[in-house]
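Open the model in your viewer and keep the selection tool at hand. The stops below say what to pick next and what is there.

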Amino acid sequence: MSPQQQRVRFDSATEGFDAPFALVDLDAFDHNATELVRRAGGVPIRVASKSVRVRALLERVLAMPGYAGLMTYSLAEAMWLFAEGTCADLLVGYPTTDRATLQKLAHDEAARAAITIMVDSVEHLDLVDDALGPGHPDIRVCLELDASWRPLNGSRRLHVGPLRSPVHTAAQATALTRRIIDRPGFSLVGIMAYEGQIAGIGDAPPGNPLRGVAVRWMQSKSAAELAERRAAVVAAVRALAPLEFVNGGGTGSLEQTSSEKAVTEVAAGSGLLGPTLFDGYRAFQPRPAALFALPVVRRPGPNVATLFTGGYPASGPIGEDRLPSPYLPAGLKLTKLEAAGEVQTPVTGKAADRLRIGDRVWMRHAKAGELAERFREFHLVRGYEVERTAPTYRGEGQAFG
């Protein structure tokens, strides 16, 4: 379908709504979900909820073959999703210091059986003990392994990848495992490692082929090192504790991570919605599924149209790649001076001359789930119709940080 046909489809499906609003193209969403399963090669996919943040979409993908469980980004979120019946297998992807919710977890036997929290140090165990007091029931925990690449013989002087867990070696993992299993009130059930330097960095950045060569070299070296180290860590920990799962990867590394024998499941989320930061990969090309419409409110001059609102930058390092991008009609771009603003967003290009006051410009966000923080609902479009309108987390009165 051509860009113009896509624009007609989205405009027709949502003609009764006043912009700004957001939609998810279910045709693209389902296509992307199927592609993720294909790329995972039979290894189950745990859905990263932070990249979706709409219960209806989480439930939709969990009902598809190849998906099993959620990776949430907060304990409070996991407790809420469990209470709502969205999922009964929830891994909290980041350590928690939420004492009040830890107490709720401890007093809910069913939730304790469904929810696993993340730890990477004895201090995390200390905090749980302090929050719950002596003699608390078993809390399921997952040990997070640092998946970064340290090319200088493991030295921290050169660290390529996210700054997450301090547990980098099999010896460190073994030491922490012993502390966990020797401590009453905890049950070690899993290992997780997120190789962000592979899964979250495109290996074919548009307009920068030399950077692409450097990224591919780094990722190749990092993947080989991690596969060997992760296998050693898993073997060492399994010798001490009967693990239920070993989680790894992300949208950008599904093929590589799922090929490792030590990995039992992979994580993905952004690939379902196809934000712009995932345009620069050679192995896959997700279809843009999450869009937001902004209305034209000014025509300052030739080749320029000004849109209402639109200042929805993505988190991460400051740069143009974190800004939303004009998508439809094709040929528009942001201005250097104003970019995407809180109250207005000018766009330029020949296509602007065909826009009238009240017309819509369809935009894409740089990240997936963060768009849901800007809107209370997403219109879920199938073909030329809105199949349903679903609340985002915000629309359900939920905000988890």
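Buried means under 20% relative accessible area, exposed over 50%, and partly exposed in between, with a 1.4 Å probe and protein chains only. This is a predicted model: local features need pLDDT of at least 70, side-chain atom pairs count only at pLDDT 80 or more, and totals for chains, interfaces and linings use all residues. Residues are numbered from 1 along each chain as its sequence is written, and side-chain values use heavy atoms, with hydrogens and water left out.

**Backbone stops**

Select Ala-339. Its relative accessible area is 14%, so Ala-339 is buried. Ala-339 has a positive phi of about 55°, although it is not a glycine. Look for Ala-339 in the loop between E13 and strand E14 (344-348). Helices (H or I, at least four residues) and strands (E, at least two) are DSSP runs, numbered from the N terminus.

Next, Asn-303. This non-glycine residue also has a positive phi, about 65°. It sits in the loop between strand E10 (290-301) and strand E11 (304-308). Asn-303 counts as partly exposed because its relative accessibility is 32%.

Most residues other than glycine have a negative phi, and most peptide bonds are trans.

Now pick Ala-19 and Pro-20. The peptide bond between them is cis, with omega about 10°. Pro-20 lies in the loop between helix H1 (3-13) and strand E1 (21-25). Then go to Leu-328 and Pro-329, where the bond is cis with omega near 0°. Pro-329 is in the loop between strand E12 (325-328) and strand E13 (333-334).

**Helix H5**

Select residues 99-106. Which residues of H5 are buried? They are Thr-101, Leu-102, Leu-105 and Ala-106. They cover an arc of only 145° around the axis, so they lie on the same side of H5. The arc is taken from the directions from the helix axis to the C-beta atoms.

Leu-75, Ala-76 and Met-79 in H4 meet Thr-101, Leu-102, Lys-104 and Leu-105 in H5; contact means heavy atoms within 4.5 Å.

**Helix H8**

Finish with residues 170-181. The buried residues of H8 are Ala-173, Thr-174, Leu-176, Thr-177 and Ile-180. Show their partners: strand E5 (115-119), helix H7 (122-132), strand E6 (139-144), strand E7 (186-193) and helix H10 (209-238).
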